[in-house]
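Subject: Structure handover

Dear colleague,

Here is the structure you asked to have passed on. My notes on what was found follow below it.

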Amino acid sequence: MTAGLVADLQVRRRAFSLRASFALPDGVTAVFGPSGAGKSMLLAALAGLLGAGIGRVEVKGRILDDVDRKLHVRPHQRGVGLVFQDARLFPHLTVRGNLDFAARRATKSVVTPQEAATYFDIQMLLDRSIRNLSGGEKSRVALARALLSAPDLLLLDEPFSALDGPRRRAFLEVLREMHDRFGLPMLVVTHQIDDVAALAAQMIALDNGRVVASGPVAEVANRSDFQALLDPSDQGAPVTMTSPKGAAQAWVRADHVLLANVAPVGLSARHIWEVNVVAVDAEASGSVMVRLAGAAGVLRARVTQAAAEELALAPGVKVWAIVKAHAL
Amino acid sequence: MLSANEWSVLVTSFGVASRAVVWSLPIAIAFAYLLSRRAFPGKMLLDGLAHLPLVLPPVLIGFLMLLLLGRRGPIGAWLENVFGVHLAFTAEGASLATAVMTFPLTVRAIRMAFEATDRRLFEAAAVLGAGPVDRFLTVALPLAAPGVLAGAVTAFAAGLGEFGAVITFASNVPGETQTLPLAIYAALQMPDGEEQALRLAGLSFVLAITGLAAAEALQAWSRKRLEQ
């Protein structure tokens, strides 16, 4: 594995301490965890905004922080971009002014402001003041501005938190395309597991300032300590779905998976997988978590105790897992 | 309408007040910016220094300036030897005394503007590749522009009325250092000078009101520009 980002951080601010050590390849990485886990602090540290003495950070082989060698590259020289939750556009500049601000200071050129504006569909807004933009427009301008600064690594602190429903999905789509097109390594903070599955190839799971697990999404998601981090209703597994639009990863909640011990017929559900039971774990709530594995990967299903007995669920048993497509 | 003498007083006043603003503004901006930043060693001292002219008697400021910048003062002697410049009893001296006296007002207005700007925008500028000086010039200063403008106009208006420090350091030389308040004072010293003093007082009043109105208009304009 060629590590694009290697970090070994030790940060203490007031009563909170963050200790995070990970090495990740280029690509899209999700930083996932409940609020207060230290996700924003992790990003601030990587961007150099917390000052020196935070540990060790290496991006694409370039050492940005090394506390032992008293090395600290300041935020404006790190080549690490950061898109803030609140966009933080400059109010004294127009949209164009904001884009030019980044482009003029970039050490290399990936796209021109005009191309970026077209790409993010903001060319109609270029001469507008940022005060009159909607939340979604602000997010897109912030993203375009960050891209124009041509960073080696782009950090995004829940840039879609102001968006909901279709606009959120559209924004995630833009992010994913942006990564595919410009090959820009990204670290995206989110507290929604669906975002992780939809966006990221690998993840860092944080809880209370500590890394619970880091690595490929499917691998981390398969760990019981990661599942314990989730709200019970969010527990599940990432699944790669193929649709006419292509392959996409989605989070399938255990509560949305039905099990059958014979091949189902005459069902409206589009997603039916033949899988084998890997483990059957009784939960404190009285229900049963069934871990399944099949050609498509790992899946989780939550069933009642009675159902588990009726279907004689035990490791090695073959069952059919049914997922309603709109649950995805 | 105005006599030649009155015109000369008016021109001197404007010259002294505007040069005072030009001299003090860059230093006031630097002070205000430093004071608006997080704590640093010597911040209290700097803050106190900036406020000194506000709490000391103006005559004392003028006297201190004479001691330091007069021909025999340590700085004054050096200035004369090296640059051939002398400040005491000159129009430049009157401007300097005015600049010193209006300095606290200017710093206050500008500092408030810096403190009101969203600090998080500086972080945004930093991660886009802007260094400290760059951030100051392209983010902090433009965002504080209405405050800087307000500080400059206030300093100018207050500078027109500066008396104690100016008369002590620069004396009351007609056509050179005799500003409006000094001319009123001089008129009052003369027998039958009351009418002249009243005319100058009226002039002073009109100027002050115009200055205030101009300050308001400028501020409203610059704020509107920022909020477009």
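Which residues have the most contacts inside the largest nonpolar core? They are A:Ala144, A:Leu155, A:Val188, B:Ala97 and B:Ile110, and the core has 157 residues. A nonpolar core here is a set of buried Ala, Val, Leu, Ile, Met, Phe, Trp, Tyr and Cys residues joined through C-beta atoms within 7 Å. Buried requires 20 or more other C-beta atoms within 10 Å of a residue's own (12 or fewer is exposed, in between is partly exposed), with C-beta atoms placed from the backbone. Domain 1 (5-232) and domain 2 (252-327) of chain A both give residues to this core, so the core lies between them. The domain bounds come from an automatic or database domain assignment.

Please note that this is a predicted model, in which local features need pLDDT of at least 70 and side-chain atom pairs count only at pLDDT 80 or more, while totals for chains, interfaces and linings use all residues. Residues are numbered from 1 along each chain as its sequence is written, and chains are lettered from A and ligands numbered from 1 in the order in which they are written.

Contact means that the C-beta atoms of two residues, placed from the backbone, lie within 7 Å.

Between the chains, 20 residues from chain A and 16 residues from chain B make up the contact. On the side of chain A that touches chain B, β7 (80-83) and α2 (95-105) each supply at least two residues. Helices (H or I, at least four residues) and strands (E, at least two) are DSSP runs, numbered from the N terminus.

The two domains of chain A have C-alpha centres 36 Å apart.

Chain A also has an open sheet of five strands, with antiparallel pairing, in the order β14-β18-β15-β16-β17. Its edge strands, β14 (257-260) and β17, each pair on one side only. Two strands pair if DSSP finds at least two bridges between them.

Strand β17 (residues 297-303) of chain A is mostly covered, with five of its seven residues buried.

Regards
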